[in-house]
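Reader: I'd like to go through the aromatic contacts in this one. Can you put the model up?

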Amino acid sequence: MSGVFNPDAVLAKYPQSLPRYTSYPPANHFQPTGGRDLQKAFIAAVDAAYAVSAYIHIPYCDRLCWFCGCHTKQTLRYDPVRAYVSSLIDEIALWKSRLTRRPRLSRLHLGGGSPSLLQPDDLKRLRTALDSAFAIDDGTEISIELDPSDIKEGSIAALLAFGMTRASIGVQDFDPAVQAAINRPQGFDITRDLVLQLRAAGLKSINIDALYGLPLQTMERLQKTIAQVIEIGPDRIALFGYAHVPWLKTHQKMIRDEDLPGSRERYQQARLAAKMIADAGYEALGIDHFALPSDSLAIAANEGRLNRNFQGYTDDQAEILLPLGPSSIGRFADGYVQNEPATGQYNAKVAAGEIPFTRGIALTADDKMRGWVIERLMCDYAFCFTELAERFGHRSQGLVELAERIAHEDRDGFCEVSDGLFKIEPAAWPFARIIASRFDAWLELAPRQYSKAV
Ligand SMILES: C[S@@+](CC[C@H](N)C(=O)[O-])C[C@H]1O[C@@H](n2cnc3c(N)ncnc32)[C@H](O)[C@@H]1O
Ligand code: SF4
């Protein structure tokens with residue numbers, strides 16, 4: 001088998017747009033009634049758990065980058081953000097009133113939007129609310145997404161006082177022409193200086209997000225950006241392919257189609273960036289993450305403990321993810337729930353004393369089994385038939401037969417079955433979503449809603 005695939009040939013043959021598999025079934029299959037139906041079961045599961053993780057969504061930014069696929073709104077005034085933090089505090093109080101115990105918080109992630117927009121006094125009252133509902137200790141990992149352009153005097157001290165143990169910094173691309181095409185000016189110096197300040201303040205873990213497939217991005221421009229990211233020296237690098245979905249995110253129409261690299265260029269960019277990052281000593285984890293060997297995510301991957309969730313990859317072992325804020329998605333053993341996405345309606349529901357779930361899905365036994373297979377493929381590029389049978393019993397036989405059929409019919413050299421293991425070949429790792437999708441029973445129900453598979 002050749003070590004390099006022709007992406008044009010692969011993408012001509014397989015669906016161009018596929019889920020990112022941060023959940024199975026993907027969130028577009030959640031049902032309006034699902035959240036309400038699962039509400040009681042979800043609350044009971046949180047109440048019974050010793051530890052839970054939580055995700056807090058901050059749906060505001062003080063700028064609007066044209067590439068952005070996140071659930072956010074630009075605001076140049078701080079008042080709506082302050083009012084929103086009050087709703088968040090009310091939502092946390094609602095959870096407190098529903099629980100008979102104070103669960104330990106295993107992980108907390110603040111994403112957005114831009115959590116770095118929060119002013120010190122709002123971070124302080126948010127932390128006080130969290131402390132009253134959950135036990136937060138030295139082992140609780142608190143990660144926060146930072147936009148360097150938000151960082152002002154006092155910001156870092158306030159984030160550390162909140163308890164931040166890990167920062168994730170958005171870079172995307174440092175080239176001025178690319179930055180102009182995505183409306184995101186951001187100097188190399190302010191990014192590097194932020195990392196230096198965070199390190200000087202004692203922060204041990206820093207991630208940087210970079211993108212390929214952006215408008216006007218060339219191999220030379222990307223190469224320079226990745227070299228600069230490596231020079232900054234983060235512990236982790238997330239390398240995402242730009243998801244161009246202007247039918248969902250209308251501001252992406254500001255990006256001209258003719259400026260976007262094609263599938264072949266995207267594939268070559270992904271390979272170039274991944275090679276540079278690996279050559280600099282980072283280990284590749286799953287489809288889009290890299291970490292220094294000493295980093296806890298790399299250690300987890302080597303021990304087979306890497307999991308996939310809505311934030312990408314994690315070594316978090318908590319079964320329950322509590323969603324806080326509009327559009328946040330929660331997970332428990334029996335299903336997914338999602339909060340109301342519109343911030344105004346979310347605020348209104350919380351003010352009325354309602355847990356603001358609006359959508360969700362209860363998992364069938366088949367969903368759980370396929371979800372496990374897809375998660376292992378997205379994390380380890382392989383799954384073991386014996387482990388599948390140990391987890392799901394005789395029902396798993398159908399999926400073993402499907403895996404054997406996929407490997408037998410594979411004319412691309414993507415995968416093989418040997419010694420009871422279904423494996424994706426290393427050269428086909430960039431196409432992991434294509435192979436995972438062969439195990440997706442929901443796919444045909446919602447074609448063409450997703451981003452490019454490579
Ligand atoms: C919420 S933002 C990060 C925090 C902060 N708002 C910032 O931009 O620096 C999360 C990350 O999602 C990624 N992202 C956003 N839109 C994307 C898209 N359309 N395709 C791929 N990745 C995207 C970017 O790498 C971005 O850093
Ligand atoms: S990329 Fe970050 S700063 Fe830019 S609009 Fe999206 S969430 Fe906001």
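Reader: How many aromatic pairs does the count come to?

Author: The count comes to 18 aromatic pairs. Rings of Phe, Tyr and Trp (its six-membered ring) pair if their centres lie within 6.5 Å; planes under 30 degrees apart are stacked, over 60 edge-to-face, and the rest tilted. This is a predicted model, where local features need pLDDT of at least 70 and side-chain atom pairs count only at pLDDT 80 or more, while totals for chains, interfaces and linings use all residues. Residues are numbered from 1 along each chain as its sequence is written, chains are lettered from A and ligands numbered from 1 in the order written, and side-chain values use heavy atoms, without hydrogens and water.

Reader: What geometry do Trp372 and Phe383 have?

Author: Edge-to-face: 6.4 Å centre to centre, with 80 degrees between the planes. Trp372 lies in helix α12 (residues 365–380) and Phe383 in strand β18 (residues 382–384), so the pair ties together parts 11 residues apart in sequence. Helices (H or I, at least four residues) and strands (E, at least two) are DSSP runs, numbered from the N terminus.

Reader: Is Trp372 buried or exposed?

Author: Trp372 is buried, at 9% relative accessible area, and Phe383 is buried at 2%. Buried is under 20%, exposed over 50%, partly exposed in between (1.4 Å probe, protein chains only).

Reader: Which residues form one aromatic cluster?

Author: Trp372, Phe383, Phe385, Phe392, Phe422 and Phe439. Phe422 is buried, with a relative accessible area of 0%, and Phe439 is also buried, at 0%.
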